[in-house]
Amino acid sequence: MRLQAVKGTADRLPADQPRWRRLHEVARRVLERAGVQELTPPVFEFAEVFERSVGEAADLVVQKEMYTFDDRGGRRLTLRPEFTASVLRAYVEHGMHTWPSPVKLWSHGPAFRAENVQRGRFRQFHQVNLEVVGSAEPVADAEAIALFVDILRELGLTGVRVALGSVGDPDDRARYNAYLRDALAPRAGELTETSQERLRLNPMRLLDAKDPGDRALIAGLARPLDRLGDPARAHFDAVAGYLRAWEVPFDVDPAIVRGLDYYRRTAFEIHAEGIGAQSALGGGGRYDGLVAQLGGPDVPGIGWAFGVERVLDALAQADLAAPEAEGPALYLVPMDDEAVGEVAHLARRLRARQRVEHGYVKRAPGKGLRDADRAGARYAGLIGARERAEGTVQLKHLATGVQRSVPLADLADALERPESIAEPATQEV
Ligand code: AMP
């Protein structure tokens, strides 16, 4: 068998790294300026952490998607399919309810789901995740949503759509589920198998159905937002009011539901144009009750996650120039065997301030210059017998071809003041 990466996983190659790095830098800047602290939970947890968080009526689809295995000690472990349960487990474990409230935490890293692989749907993917724990105020919801939009905007992504809805309070949800069961009972047999299962376990999730037949059956029914109780309605109106006042563009989406059972009130998704069927960049919502479900105090929270691959895909579709990978400031060429150790030593010293690379075997000047060019270097530095004797390096600015002899002692400074070298040529090698 030819060894290759598992389907649904991908290597992130050197050329991909600048885009990824930039995305994380922007997310970090936007979030940390808002007082969000970074938390790095482990990649796997006891299976129970996720099982408890998805709840009794857990969608079997969700359960089946988890990578759960027994380790050699017989422990049932799960590779995280998302961050929320891990972050809240850590919140409880470290007594963060005693920290100044709300506790705002962000995380990033891989997540794992045993899904059918397609564009935008992988088995190992990456998320940036935010949780704001300890506030039930609508302003916390609005701030969280606005931060998500701020990150996308700062990345340069326009043409994104915030879809805002509400799944109501637990009572509203129970009433709505009962309504759906009643309304669909006469024709339940016509639903797809998955939708029948949802109708039994968690009817509200039927609204996520993709099958056209299922969609036709539910098309005329009331949506969760139409059936909110007064407190959830007031909360929704307040969140929408803040977003309007802050000029965060959004559409009300009465049918929005989230995959997991623990959501309360606010539920939202952010979609981008042009990235195909899997257009959700991310989503989130409020999960009052989940911390208690995980064995902690009864504190409310709101959070979101976005898929890094999807945001990068949307950026690529929007034709936003990826940052160029930069080459070294200097590429040193040894022109004889004695110079090999010398250029390596010089490179080690210069690396305190600059990125410097070098050849590992002696090279004729022409070939050495070609090596420097292929490395993407700004300068080539050639060292042979004469340079060693003089304590100099022949420094060539590759873009202009300007070349001069620079004393080793001045080299570090010269690299930082390029204009001092890219001036009239003096001598040729
Ligand atoms: P969810 O927890 O399902 O709401 O996922 C949040 C975000 O993570 C989604 O909107 C996607 O951007 C991303 N995501 C979820 N599942 C996958 C997957 N299998 N492959 C790639 N991205 C995903």
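This is a predicted model: local features need pLDDT of at least 70, side-chain atom pairs count only at pLDDT 80 or more; totals for chains, interfaces and linings use all residues.
In strand β11, A305 is the residue that bridges to G283. Strand β11 covers residues 301-307, runs antiparallel to β10, and is joined to it by five bridges. Turn to β9, and you'll find that β9 and β10 pair in the antiparallel sense too, over six bridges. And how enclosed is β10 itself? Six of its seven residues are buried, so β10 is largely enclosed by the rest of the structure.

Keep going from β9 and you come to β7. Strand β7 takes in residues 160-166 and strand β9 residues 264-272, and the two pair in the antiparallel sense over seven bridges. If you'd like a landmark here, find V162, which stands opposite I270 in β9.

Now step back to see the sheet these strands belong to. It's an open sheet of eight strands with mixed pairing, and the order reads β1-β5-β6-β11-β10-β9-β7-β8. What stands at its edges? That would be β1 (37-38) and β8 (251-252); each has a single partner strand, so one side of each is left without a neighbour in the sheet.

Helices lie across this sheet as well. Helix α9, residues 230-245, lies across β7, β8, β9 and β10 (280-286), and runs at about 160° to β7. Helix α4, residues 84-93, lies across β5 (103-112) and β6 (124-133), and its angle to β6 is about 45°.

There's another open sheet to visit, this one of three strands, in the order β2-β4-β3 with antiparallel pairing. Its edge strands are β2 and β3 (67-70), each pairing on one side only. Neighbouring strands of this sheet are turned by 30° against each other on average, direction ignored. Look at β3 and strand β4 (residues 76-79): they pair in the antiparallel sense over four bridges, and T68 stands opposite T78 in β4. This sheet has a helix across it too, namely α2 (residues 47-54), which lies across β2, β3 and β4 and runs at about 75° to β2.

With a relative accessibility of 44%, F44 counts as partly exposed. Together with V43 and F69, F44 makes a nonpolar surface patch of about 240 Å².

Side chains of opposite charge can pair when their charged atoms come close. The side chains of E45 and R89 do meet in a salt bridge, at 2.8 Å from N to O. This pair ties together distant parts of the chain, with E45 in strand β2 and R89 in helix α4, 44 residues apart. Are these two residues buried or exposed? Both E45 and R89 are buried.

Compare that with a pair inside helix α2. E48 forms a salt bridge with R52, and their closest N and O atoms are 3.1 Å apart. E48 and R52 are four residues apart in helix α2, so about one helical turn separates them. E48 is partly exposed, with a relative accessible area of 46%, and R52 is partly exposed as well, at 39%.

R119 is in the loop between β5 and β6 while D313 is in helix α11 (residues 308-317), and the two are 194 residues apart. At 46% relative accessibility, R119 counts as partly exposed. Elsewhere, salt bridges that share partners join R28, E32 and E38 into one network. How many salt bridges are there in the model? The count comes to 26.

How values were computed:
Residues are numbered from 1 along each chain as its sequence is written. Side-chain values use heavy atoms; hydrogens and water are left out. Patches are made of residues with over 30% relative accessible area and no salt bridge: like charges are joined within 9 Å, nonpolar side chains (Val, Leu, Ile, Met, Phe, Trp, Tyr) within 5 Å. Accessible areas come from the Shrake-Rupley method with a 1.4 Å probe; for residues, only the protein chains shown count as cover. A salt bridge is a side-chain nitrogen of Lys or Arg within 4 Å of a carboxyl oxygen of Asp or Glu. Buried means under 20% relative accessible area, exposed over 50%, partly exposed in between (1.4 Å probe, protein chains only). Two strands pair if DSSP finds at least two bridges between them. Contact means heavy atoms within 4.5 Å. Axes are lines fitted to C-alpha atoms, for helices over the stretch in contact, and angles run from 0 to 180 degrees between N-to-C directions.
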